[in-house]
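Subject: Handing over a structure

Dear colleague,

I am passing the structure below on to you, together with some notes on what was found in it. Please look through the sequence and the model first, and then read on.

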Amino acid sequence: NRIVLSDGDGNPRGIFTDDGNFLVGAVATAGSVSNTKQITGGKFSSFRGVVTSLSSGTAYTMFTLTADFSAFLVSVSGNASSTAYSETAIVHLNNTAVSVTIIADGGAIVISNSGLDVQVTQNSGGTMSEVYWSAMRIL
């Protein structure tokens, strides 16, 4: 079953496909390089979470990847002793080989991996009461 949102004149503006994809400015999941339709929203994520207490030097597994070929934009943020820290990275998976490329260095908060586990570690010297994380699949 497909659900089509139209402008009232029969022109599709949004399509929910039978396999759960939502298309904007496209009629096929492959999309088009010429698609210039804008999507505006608040926070986008494929999944997210919060660590309610993270001790300094302790690695916490945010999520575990499954062997495939994918890439994720991952962000983490937390506070320690009235100082805010955040880091953003691209996590790339090539079957079972994971690489993490930091694109915004968080100082005392670090995104890394251990095998297929994507982890956050904070090194502020204290405990962060809440560390927020989100990941968006980009490939």
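The side chains of arginine 137 and aspartate 68 come together in a salt bridge, with 3.3 Å from N to O, where a salt bridge is a side-chain nitrogen of Lys or Arg within 4 Å of a carboxyl oxygen of Asp or Glu. This pair links distant parts of the chain, since arginine 137 lies in strand β13 (residues 131–137) and aspartate 68 in strand β7 (residues 68–80), 69 residues apart; strands (E, at least two residues) are DSSP runs, numbered from the N terminus. Arginine 137 counts as partly exposed because its relative accessibility is 40%, and aspartate 68 is likewise partly exposed, with a relative accessible area of 22% (buried means under 20% relative accessible area, exposed over 50%, partly exposed in between, with a 1.4 Å probe and protein chains only).

Please keep in mind that this is a predicted model, in which local features need pLDDT of at least 70 and side-chain atom pairs count only at pLDDT 80 or more, while totals for chains, interfaces and linings use all residues. Residues are numbered from 1 along each chain as its sequence is written, and side-chain values use heavy atoms, with hydrogens and water left out.

The structure holds two salt bridges, and one of them joins the side chains of arginine 13 and aspartate 7, at 2.8 Å from N to O. Arginine 13 is partly exposed, with a relative accessible area of 47%, and aspartate 7 is partly exposed at 33%.

Turning to the aromatic rings, the structure holds six aromatic pairs (rings of Phe, Tyr and Trp, the last by its six-membered ring, pair if their centres lie within 6.5 Å; planes under 30 degrees apart count as stacked, over 60 as edge-to-face and the rest as tilted). Phenylalanine 63 and phenylalanine 72 form a tilted pair, 5.8 Å centre to centre and with 55° between the planes. Phenylalanine 63 counts as buried because its relative accessibility is 10%, and phenylalanine 72 is buried at 6%. Ring pairs also link Phe47, Phe63, Phe72 and Trp133 into a cluster.

Finally, there is the lining of the largest pocket, which includes Asn21, Phe22, Leu23, Lys37 and Ile39. A pocket here is an open set of points on a 1 Å grid over the protein atoms alone, where a 1.4 Å probe fits, with protein on both sides within 12 Å along at least five of seven lines, and lining residues have an atom within 4 Å of a point.

With best wishes

Note on methods
Helices (H or I, at least four residues) and strands (E, at least two) are DSSP runs, numbered from the N terminus.
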